[in-house]
Amino acid sequence: MVKGLATVIYHVTDLDQAKAWYAAAFQQAPYFDQPFYVGFNIAGYELGLHPGGSIGQAGPGGTVAYWRVPEIEGAVRHFVTAGATIVAPVQEVGDDIKVATVADPYGNLIGVIENPHFGLPPAARAGG
């Protein structure tokens, strides 16, 4: 049974540099910090940084994880200010849902989504 998004792992070429970039971009320190993996808790979901190559590579690979944001224009501006580049600008995809995609300095794609219709189920909100 699938319970929902748990972890998104981005492959990076320089773990220390990526850790600093993601800490600034997501405005928090990692909760797990080892030479083989760095993990951030982003609103109950894990964003992981992996230092390369065994399974995936840095850069676009056909998968984009979308992180919920309350206001997409501001979120995109924030990521660009932190050093990301816009891959797909903000666009409405229907029913007042807006998406955009940026790339981190390593080419990994980060999706952001403003969806006024989505809410976590009660168990997820309670930490279950």
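Y31, F32 and F36 make a nonpolar surface patch of about 330 Å². The model is a predicted one. F36 lies in the loop that joins strand 2 (32-34) to strand 3 (37-42). With a relative accessible area of 51%, F36 counts as exposed, because the cut-off for that class is over 50%.

The largest nonpolar core holds 28 residues, and the members that touch the most others are Y10, Y22, F26, L47, L49, W67 and F79. Two or more residues come from each of strand 1 (7-11), helix 1 (15-25), strand 3, strand 4 (45-50), strand 5 (65-68), helix 2 (72-82), strand 7 (97-103) and strand 8 (109-114). Helix 1 gives the most to this core, namely five residues. When residues up to four places away in sequence are not counted, F26 touches I42, L47, W67 and F79.

W67 also belongs to strand 5, on its covered face.

| Face of strand 5 | Residues |
|---|---|
| Covered | A65, W67 |
| Uncovered | Y66, R68 |

In a regular strand, side chains alternate between the two faces of the sheet.

Strand 5 pairs with strand 8 in the parallel sense, over four bridges. Strand 5 and strand 8 are both among the elements that give two or more residues to the core.

Methods:
Residues are numbered from 1 along each chain as its sequence is written. This is a predicted model: local features need pLDDT of at least 70, side-chain atom pairs count only at pLDDT 80 or more; totals for chains, interfaces and linings use all residues. Side-chain values use heavy atoms; hydrogens and water are left out. Patches are made of residues with over 30% relative accessible area and no salt bridge: like charges are joined within 9 Å, nonpolar side chains (Val, Leu, Ile, Met, Phe, Trp, Tyr) within 5 Å. Accessible areas come from the Shrake-Rupley method with a 1.4 Å probe; for residues, only the protein chains shown count as cover. A salt bridge is a side-chain nitrogen of Lys or Arg within 4 Å of a carboxyl oxygen of Asp or Glu. Buried means under 20% relative accessible area, exposed over 50%, partly exposed in between (1.4 Å probe, protein chains only). A nonpolar core is a set of buried Ala, Val, Leu, Ile, Met, Phe, Trp, Tyr and Cys residues joined through side-chain atoms within 4.5 Å. Contact means heavy atoms within 4.5 Å. Two strands pair if DSSP finds at least two bridges between them.
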